[in-house]
Amino acid sequence: MEEVIFQRHLKPQWFWKLHKWLQIGEERKMKISSEIFDRLFYQCISRKKELLNRSKTAMDRDDFDLLTFMLVEDHNNQEEREMSAFKKSEKYARDMAFNLLSAGSETVSSGLAWFLWLVATHQLIENSILEEIKTNLNGEGDGKGRHFSFEELSKLNYLHAAICESLRLYPPVPFEHTVSVDSDTLPSGHQIGKNTRVIYSPYWMGRMEEIWGADCLEFKPERWISNKGELGDVSPYKFRAFNAGPRACIGKVWTVASDIDKEDRLSMLRKIMQGGHPEREGGLA
């Protein structure tokens, strides 16, 4: 399915839409694959609903996962959290899951790999992250692992800043393109016509001195933190790793949290960092 979607970006729109209408070639394979995905995922939804209906405290279960989050209506008090009704549609959950699975697997692994490499090659930053985890969270645990809440993760401002800084320098999607709905004028003053394809590079934007200053090539998490020690508010049109506007990444919060949302991952992160630096031991495996 990902290959077909990729090819749609390369081929003229009329070409792949004709194939879709005639149900031939790759577009036929796309339809068959989509039907298989839908059948499998709707079965997962049915099983999850059955499990949640049997539990009064599903929001606090150890097996709480993304599918649960997508199905359950979010309420503030415990009584309203009971799973007697699912106000988010199955179609909503299906579309959300498809986007996250198709666009969020390789991107998360790529972003995490670059993050670990950057931190491992900057010992002062590594020490600051480890100290923040030690101060704000019980990262050792009992070996069984547990999920951390967003409230707990929100305390890790320096770690969050380091992840953003890593994504600025090494965005998992280095090139993007968009198509104009109508004629327009870009902020640079360039005129574009209707249905004009514009290609831009988040990779190069993250390394432009005009945008990020003279130290744009440095790995510097401090640029994301305000004088009060809190995360600063950076425009998504400046930091383009998650896109911006109506097409912003639906998994932005989950992408950042997924790297540190379990106790065993924090332990793994600590062990990787304390295991040594690539320049001293020949690089990360």
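Glu26 counts as partly exposed because its relative accessibility is 34%; here buried means under 20% relative accessible area, exposed over 50%, and partly exposed in between (1.4 Å probe, protein chains only). Glu26 forms a salt bridge with Lys29, and the closest N and O atoms are 3.7 Å apart. A salt bridge is defined as a side-chain nitrogen of Lys or Arg within 4 Å of a carboxyl oxygen of Asp or Glu. Both Glu26 and Lys29 belong to helix H3 (residues 25-53), where they are three residues apart, about one turn of the helix.

The structure is a predicted model, in which local features need pLDDT of at least 70 and side-chain atom pairs count only at pLDDT 80 or more, whereas totals for chains, interfaces and linings use all residues. Residues are numbered from 1 along each chain as its sequence is written, and side-chain values use heavy atoms, with hydrogens and water left out.

**Overall architecture**

The protein contains 14 helices and four strands. Helices (H or I, at least four residues) and strands (E, at least two) are DSSP runs, numbered from the N terminus. Of the 285 residues in the protein, 32% are buried. Among contacts with a separation of 6 or more, 63% are between residues 24 or more positions apart; a contact means heavy atoms within 4.5 Å. The accessible surface comes to about 17,900 Å², and 54% of this belongs to carbon and sulfur atoms. Accessible areas come from the Shrake-Rupley method with a 1.4 Å probe, and for residues only the protein chains shown count as cover.

**Salt bridges**

A search of the whole structure finds eight salt bridges. Arg94 takes part in a salt bridge with Asp38, with the closest N and O atoms 2.5 Å apart. This pair links distant parts of the chain, since Arg94 lies in helix H5 (residues 90-103) and Asp38 in helix H3, 56 residues apart. Arg94 is buried, with a relative accessible area of 13%, while Asp38 counts as partly exposed at 22% relative accessibility. Arg94 also forms a salt bridge with Asp95, the closest N and O atoms being 3.3 Å apart. Asp95 is partly exposed, with a relative accessible area of 26%.

Helix H6 (residues 105-120) has 16 residues, which at 1.5 Å a residue should span 22 Å; the end C-alpha atoms are 23 Å apart, in agreement. The expected span is 1.5 Å times one less than the number of residues. Within H6, Gly111, Phe115, Leu116, Leu118, Val119 and Ala120 are buried. Trp114 and Trp117 also lie in H6, three residues apart, about one turn of the helix. Trp114 is partly exposed, with a relative accessible area of 33%, and Trp117 counts as partly exposed at 32% relative accessibility.

Rings of Phe, Tyr and Trp (its six-membered ring) pair if their centres lie within 6.5 Å; planes under 30 degrees apart count as stacked, over 60 as edge-to-face and the rest as tilted. By this rule the count comes to nine aromatic pairs. Two of them are tabulated.

| Aromatic pair | Geometry | Centre to centre | Angle between planes |
|---|---|---|---|
| Trp114 and Trp117 | edge-to-face | 5.8 Å | 85° |
| Tyr203 and Trp204 | edge-to-face | 5.2 Å | 90° |

Tyr203 counts as partly exposed at 24% relative accessibility, whereas Trp204 counts as exposed at 52%.
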